Amino acid sequence: MIRFFQTRGHSYTLKKVRRSRKAPAVSLMNYDALLRARWLRRATCVFTDVDRLSFWDLELASQAYLQLKNAGVTVLNNPATVKTRYPLLRALHAAGLNDFNAYRVPELAGAMRFPVFLRKIHGHREPLSDLLQTRGQLDQSIAAAVNTGTPVENLLIVEFAAEPVREGLYRKLAAFRIGDAIVPHSSVHDTHWLVKYGKLGIAGEELYREELEFLQTNPFADHLKKVFDLANIEYGRADFGFYQDRIQVYEINTNPHVAPGEPHPSPVREQSMRVSWEKYLSALHAIDSGGGWPVLLANGKLQRHRPWKNLLTRTRKVP
């Protein structure tokens with residue numbers, strides 16, 4: 001059994017995994033239920049959605065992590081040490097693993113390299129701006145974001161570091177870390193620099209064959225292992241690309257959407273998606289620690305100090 005802890009409303013990311021007959025037994029549990037539970041059935045426990053936790057829930061989740069670990073449970077992603085978007089990008093640049101940097105608004109300095117784009121620190125939505133070429137454009141974009149209700153503390157300026165794989169075509173690569181394994185994932189292609197969902201069939205067979213080779217040989221595993229180690233993330237998906245022949249990691253999502261892939265006009269691309277899916281499921285099986293005696297939790301004492309505990313769901317179920 002593998003139990004994933006998620007924030008309320010974000011269990012959709014693993015529904016396809018849970019329904020797969022080839023996957024190990026998977027349980028999904030939101031943090032509200034975890035922080036109310038007095039005991040849990042023993043399982044490998046994965047803490048996800050760390051960037052979506054409030055400061056108080058983050059502390060309680062960190063204490064729950066320690067309780068489970070001290071009870072001998074296999075646990076992944078210590079909420080107390082996981083680096084979320086802003087500290088991760090700063091750390092990757094400082095370590096020389098990324099060539100681009102990121103800044104909060106009060107940190108803006110003359111050394112910043114344009115173009116940049118503006119986005120929110122928290123959440124996984126699209127950026128708030130297109131590429132900005134000058135400080136004047138950036139100031140205007142910041143003012144527009146604030147005037148529409150985005151707090152300055154939630155704004156992040158990111159230096160742009162990406163290149164098209166061919167004229168007019170961008171590619172975003174991805175790989176999971178699942179325990180000790182680095183698992184390559186299928187890529188996404190788009191005609192715009194912001195590659196999120198991609199466009200069907202635009203890459204062509206040459207790039208699809210290159211993707212399949214990447215999935216089969218996993219050539220970037222050692223480098224990505226350093227990135228995940230720096231981030232203190234043991235389960236998650238890194239999105240990355242290349243800039244001047246160097247890997248650039250843009251984000252690590254601890255609760256990424258995982259699915260076997262949709263029908264595709266390219267047989268090579270369909271093979272890539274099958275390989276990616278099978279490797280992901282195989283890595284899940286490797287971290288499945290099985291069952292055992294229930295684990296007692298001390299959450300009753302913690303909850304007395306949680307000022308909004310009466311707003312939580314009243315129904316309490318033992319997972």
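Predicted model: local features only at pLDDT ≥ 70, side-chain atom pairs only at ≥ 80, totals over all residues.
Trainee: How many bridges join S4 to S5?

Mentor: Two bridges do, and the strands run parallel. S4 covers residues 44-47.

Trainee: What order do the strands of that sheet have?

Mentor: The order is S2-S1-S4-S5, in an open sheet of four strands with parallel pairing. Strand S2 (26-30) and strand S5 (75-76) are the edge strands, each pairing on one side only.

Trainee: Which helix lies across S1, S4 and S5?

Mentor: Helix H3, residues 55-70. H3 runs at about 160° to S4.

Trainee: Switching to the antiparallel sheet. What is the strand order there?

Mentor: S10-S9-S11-S12, again an open sheet of four strands. Strand S10 (181-190) and S12 are at the edges, and each pairs on one side only. From one strand to the next, the twist averages 30°.

Trainee: Over how many bridges do S9 and S10 pair?

Mentor: Eight, in the antiparallel sense.

Trainee: S12 is an edge strand. Is S12 mostly covered or mostly uncovered?

Mentor: Mostly covered: six of its eight residues are buried.

Trainee: Next topic, the nonpolar core. Which residues touch the most other members?

Mentor: In the largest nonpolar core, which has 29 residues, they are Phe220, Leu224, Phe228, Phe240, Val249 and Ile252.

Trainee: Which elements give two or more residues to this core?

Mentor: The helices are H4 (85-94), H6 (205-217), H7 (221-231) and H8 (267-287). The strands are S9 (170-178), S11 (235-243) and S12 (246-253).

Trainee: Pick phenylalanine 228. What does that residue touch?

Mentor: Not counting residues up to four places away in sequence, phenylalanine 228 touches Ala175, Phe176, Arg177, Ile182, Ile233, Gly236, Arg237, Ala238 and Ile252.

Trainee: How does H6 pack with H8?

Mentor: At an angle of about 20°, with the axes 9 Å apart. Angles under 35 degrees count as roughly parallel, so H6 is roughly parallel to H8.

Trainee: Is the crossing left-handed or right-handed?

Mentor: The crossing of H6 and H8 is left-handed.

Trainee: Which residues meet there?

Mentor: From H6, Glu205, Tyr208, Arg209, Glu211, Leu212, Leu215 and Gln216. Their counterparts in H8 are Val268, Arg269, Gln271, Ser272, Val275, Ser276 and Lys279.

Trainee: Take serine 276 from that list. Buried or exposed?

Mentor: Serine 276, in helix H8, has a relative accessible area of 4%. Buried means under 20%, so serine 276 is buried.

Trainee: What is serine 276 in contact with?

Mentor: Pro184, His185, Ser186 and Leu215, leaving aside neighbours within four places in sequence. Leu215 is one of the H6 residues that meet H8.

Definitions and conventions. Residues numbered from 1 in each chain as written. Heavy atoms only, no water. Core = buried A, V, L, I, M, F, W, Y, C linked by side-chain atoms within 4.5 Å. Buried < 20%, exposed > 50% of the residue type's maximum accessible area, 1.4 Å probe, protein only. Contact = heavy atoms within 4.5 Å. Pairing = 2+ DSSP bridges. Axes fitted to C-alpha atoms, helices over the stretch in contact; angles between N-to-C directions. Parallel < 35°, antiparallel > 145°, perpendicular 65-115°, else oblique. Left-handed = near helix turned anticlockwise from the far one by under 90°.
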